[in-house]
Every structure is written in C-alpha cells, then in structure tokens.
Amino acid sequence: MTDQHMTPVAETPVEGPPKKKSRAGRDLPAAIAVGVLLGGLAIGVLLFAPIGWLVMLSVAIPIGMHEVIRRLGEAGYSLPAIPLLVGGLAMIWLTWPFGPAGLLGAYAGTIVVCMVWRLVGRGLNQQPENYLRDISATILLATWVPLFASFSALLIFQEDGGIRTFVVILTVVFADIGGYVAGVLFGKHLMAPAISPKKSWEGLGGSLVFGITASVLAVVFLLDKAWWVGIPLGLLLVITGVLGDLVESQVKRDLGIKDMGKLLPGHGGIMDRIDAMLPSAVAGWIVLTLLA
C-alpha cells in the first residue's frame with residue numbers, strides 16, 4: 001500500500017567512471033588519440049608532399065599566435081595582432097623563393113610594422129600606454145612562434161628536406177616520451193620546481209637516452225649520414241625541447257593559466273603542443289645544415 005503523503009526522494013545521478021588522466025593531469029586517452037592523429041598527418045605530409053608542410057604551418061602558427069595574443073590580452077597587454085599574424089605568414093612563405101634571406105626580411109619587416117602600428121594605433125594626438133611592455137611582448141612572440149617555426153620550413157627546401165624535418169620531429173617526440181617514462185618511473189629530484197613542478201632530472205636523463213638514440217638511428221637509416229651526426233643533433237634537440245617547454249611554462253605561470261588554449265583535447269592549445277618543437281626547429285636546422 002502506497003503512502004500518498006510520503007515525500008519523494010530525488011534520485012542521485014550515477015556518474016560514469018572518471019576519465020583516466022596522466023600524472024600531469026591530462027586526459028591520457030584523448031591526448032594519445034590527438035597525438036597519433038597529428039603525428040600521422042605530419043608524417044604523411046613530410047614523406048609524400050613536403051611542400052604541404054608550409055600549408056600546415058600556415059594553419060597551426062596563426063592559431064598558436066592567436067592563443068598567446070588572446071591570453072596576453074586577458075592580462076592587460078595590447079599587441080598589434082594583425083601585423084603579427086600577417087607577418088608570421090610572410091615569414092613562412094618567403095622561405096620558399098628566398099630562403100633564409102626571405103625569412104630574415106619578413107621578420108625584420110614585421111617588427112618594424114608592429115612598432116609603428118602600436119605607436120600610432122590610438123592616433124598621433126594620444127600617447128600610447130605601456131608601449132615598451134607591449135612591444136617587448138610583441139618581439140618575443142614574433143621570435144618565439146613564427147620565426148622559430150619557419151626554420152622547419154627552411155629544412156624543407158634542403159636535399160631530402162621532408163625527411164630532415166621528420167627526423168627533427170621524431171627526435172623531439174621520442175625525447176618527450178623518454179622524459180615522461182623516466183619521470184613517472186624514477187622521477188624524484190625536481191629540475192625546476194619554481195617553473196615546472198613535474199619535470200625531474202631523472203626525466204631529463206630519459207629524454208637524453210631516448211632522444212639521442214632516436215636521433216642516431218634516424219640519421220643513419222633515414223638520412224644515410226654518419227652516425228655521430230645524431231649525437232650533437234639529439235643532444236641539442238633534447239636541450240632545446242626541454243627549454244622550450246620551460247619557457248612556455250614560465251609564460252603561463254606569469255599569466256596564471258594552465259593552458260594557452262583548448263583546441264586539442266588532452267593537450268590544451270596548439271602552443272601547448274608545439275612549445276618544445278619551436279626552438280628545436282632552430283637547433284635542427286643549424287646542425288643538419290652544418291653537419292649533414
């Protein structure tokens with residue numbers, strides 16, 4: 001018999017199992033899926049249509065720059081977004097007909113236009129506020145993202161350029177894997193706790209082992225070069241990759257944010273995925289141009 005005066009009890013919704021996350025607080029399955037998808041796309045382009053790498057850069061780099069410009073805007077910065085984005089594309093595409101000279105010219109032209117744009121943006125009758133701060137951030141962004149990324153475009157036009165670029169990316173990826181595995185299994189001594197509390201010296205050791213090994217094997221079997229070329233290449237790519245990650249971590253710490261964006265599930269934004277690749281592109285171009 002039912003009690004008509006009994007107060008109904010609200011059912012508590014049953015939540016599904018929590019998403020598996022890594023020690024870094026990421027959605028691990030999503031991160032792996034996105035990484036495999038992006039990696040497969042990059043491999044396909046570099047091995048079968050290297051000139052398409054410029055198209056990929058032309059999509060990824062403006063998105064990454066916009067993420068940083070937006071985050072800086074939230075913190076009160078005022079950066080000249082239009083000349084930065086247009087100049088970034090010019091840096092990428094002028095490597096095609098003009099090589100390093102085109103890249104340097106586009107970079108210098110971008111800085112000049114940004115300086116003038118920010119100076120007169122409010123009109124000649126008004127004094128710009130925080131001009132030095134904003135121009136300093138502008139120059140940092142123009143250097144950090146499109147200039148560094150364009151060194152991978154320069155590699156494309158060398159002999160076996162697609163494979164060379166692939167070797168650089170492969171080494172950075174394996175260094176990242178080695179650092180993660182060693183950090184999870186053995187990480188006890190923090191490397192830079194004030195900047196990135198997850199990085200350890202043991203993780204750096206894993207990055208060096210995996211990165212240099214991958215570099216040596218890639219140089220021998222993919223580029224058909226002397227094995228020893230892989231040692232300085234791997235060493236510099238590991239160092240620049242770690243420093244690139246630390247630089248972005250410090251920028252995010254200054255801004256009080258966890259990720260630059262939310263475009264890539266399990267990774268954050270484009271900048272959160274390519275932070276290690278950017279300075280590594282410069283190191284890879286230098287070593288492979290001089291030694292291979």
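Begin by selecting R133 and Y77, where the charged end of R133 sits over the ring of Y77, 4.4 Å from its centre (a charge counts as over a ring if NZ of Lys or CZ of Arg is within 6 Å of the ring centre and within 35 degrees of the ring normal). This is a predicted model, in which local features need pLDDT of at least 70 and side-chain atom pairs count only at pLDDT 80 or more, while totals for chains, interfaces and linings use all residues. Residues are numbered from 1 along each chain as its sequence is written, and side-chain values use heavy atoms, with hydrogens and water left out.

Select W93 and W96, whose ring centres are 6.0 Å apart with the planes at 40°, so the pair is tilted. W93 is partly exposed at 31% relative accessible area, and W96 is partly exposed at 48% (buried means under 20%, exposed over 50%, partly exposed in between, with a 1.4 Å probe and protein chains only).

Now select F151 and W285, an edge-to-face pair because the ring centres lie 5.3 Å apart and the planes stand at 70°. F151 belongs to helix 5 (residues 131–156) and W285 to helix 10 (residues 277–291), so the pair ties together parts that are 134 residues apart in sequence; helices (H or I, at least four residues) are DSSP runs, numbered from the N terminus. F151 counts as buried, at 16% relative accessibility.

Finish at G256, which takes a positive phi of about 70° just after helix 8.

Definitions and conventions. Helix = DSSP H or I, 4+ residues; strand = E, 2+ residues; numbered from the N terminus. Phe/Tyr/Trp six-rings, centres within 6.5 Å; stacked < 30°, edge-to-face > 60°.
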